[in-house]
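Please look through the sequence and the 3D structure before reading on. The report then takes up one topic at a time.

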There are 2 protein chains.
Amino acid sequence: MEKDFITTLREHGLQVTYQRLAIYQALFHTKEHPSAESIYQQVRKRFPMISLGTVYKTLERFSEAGLIQKVSPMTEVARYDADVTPHLHFVCLHCQMIKDLEDPAFDMNIPMPNTNGFQIVRRQVLFQGYCPNCRKRQ
Amino acid sequence: MEKDFITTLREHGLQVTYQRLAIYQALFHTKEHPSAESIYQQVRKRFPMISLGTVYKTLERFSEAGLIQKVSPMTEVARYDADVTPHLHFVCLHCQMIKDLEDPAFDMNIPMPNTNGFQIVRRQVLFQGYCPNCRKRQ
DNA sequence: ATTCTTGCAAACGGTTTGCACATAC
DNA sequence: GTATGTGCAAACCGTTTGCAAGAAT
């Protein structure tokens, strides 16, 4: 994996540093979906000199390059909706516009996959991309 | 609507104040999914004395009571995932644990409903609720 | 040699908190 | 009269930014 990831970094024009390898490795070896702080604590065990700022910058770069996924938040600030019925949301990655999507064909009653003690309170389906306006200006 | 909402507030043991009515009304009359700040600016036109803190507290109360919906963020802090393949996420509302859900029956290739100039980059399906541990302690 | 990255510390900004006063019940 | 809510300001905390020193190419 190490070798492959070095290649991947180079393919994306990213320099190879031990910090980046350590950060990716920490993320790769867990299913916890850790926060930046948590990854920082993990990596610090081996490299006490690393800084939290580097972890943030690195995760941002990886995320931009599509090497990792930022699970949340979907927008920088909280947004509210008076409509509490389940429906789809589209979030523009550029202007942060949120639009309700109607699709009668889409079944919001997604069956909870093997519930196994997990109690589902609500579900949210989000589409991310670019709205017509922001699409033009790219 | 005003009358019904007053009833709804009382049903949830919430006192009726003109601030709460104004905040709900501002949210109810838009499809913009506004932020707290944006709602504050709107309400301020009619009630210049209202404070941003009150807007935050009120939205939190409404959200807890299920009168409105907090669209995002799903967790307070950003969380990362080395797995970039589309998959379902479960987020525990209590401990913030995130779990990947596998469901072969669920089609992640959700068709984009009437795309109309919206360019979809990615989609995310989130389930919120309580994990087995936190469920017990409730 | 040049460009990119790191570490540090300060700044930023959305959100929360504490508390005295005011309002709803 | 009591419990609840408001307004204000300060605190909080996750994240970003600026910059000089260091490392990668």
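The sections below describe a predicted model, beginning with a DNA strand and ending with a pair of helices.

## Surroundings of DNA strand D

In this predicted model, DNA strand D is surrounded by 20 residues, and the closest of them are A:Y56, B:Q19, B:R20, B:K57 and B:A78. Of the atoms of DNA strand D that come within 4 Å of the protein, 85% belong to sugar and phosphate.

Two side chains of chain B come up to phosphate oxygens of DNA strand D: a polar atom of B:R20 lies at 2.8 Å from one, and an N or O atom of B:T17 is 2.9 Å from one. In chain A, the side chain of A:K57 has a polar atom that lies 2.9 Å from a base oxygen of DNA strand D.

Two or more residues of the surface near DNA strand D come from each of α4 (52–65) of chain A, α2 (18–28) of chain B and α4 (52–65) of chain B. The most is given by α4(B), which supplies four residues.

## How α2(B) packs on α3(B)

Helix α2(B) packs against helix α3 (residues 36–46) of chain B at an angle of about 120°, and their axes are 9 Å apart. Because of this angle, α2(B) counts as oblique to α3(B), and the crossing of the two helices is right-handed.

On the α2(B) side, the contact is formed by B:A22, B:I23, B:Q25, B:A26 and B:L27, which meet B:I39, B:Q42, B:V43 and B:R46 of α3(B). Six residues of this contact are nonpolar, two are polar and one is charged.

Methods
Residues are numbered from 1 along each chain as its sequence is written. Chains are lettered from A and ligands numbered from 1 in the order in which they are written. This is a predicted model: local features need pLDDT of at least 70, side-chain atom pairs count only at pLDDT 80 or more; totals for chains, interfaces and linings use all residues. Side-chain values use heavy atoms; hydrogens and water are left out. A residue is near a molecule or strand if one of its heavy atoms lies within 4 Å of it. A polar contact is a pair of N or O atoms within 3.5 Å; within protein, one must be able to donate a hydrogen and the other to accept it, and residues adjacent in sequence count only if both atoms are side-chain atoms. Axes are lines fitted to C-alpha atoms, for helices over the stretch in contact, and angles run from 0 to 180 degrees between N-to-C directions. Angles under 35 degrees count as roughly parallel, over 145 as roughly antiparallel, 65 to 115 as roughly perpendicular and the rest as oblique. A crossing is left-handed if the near helix is turned anticlockwise from the far one by less than a right angle, and right-handed if clockwise. Contact means heavy atoms within 4.5 Å. Ala, Val, Leu, Ile, Met, Phe, Trp, Tyr, Cys and Pro count as nonpolar, Asp, Glu, Lys and Arg as charged, and the others, Gly among them, as polar.
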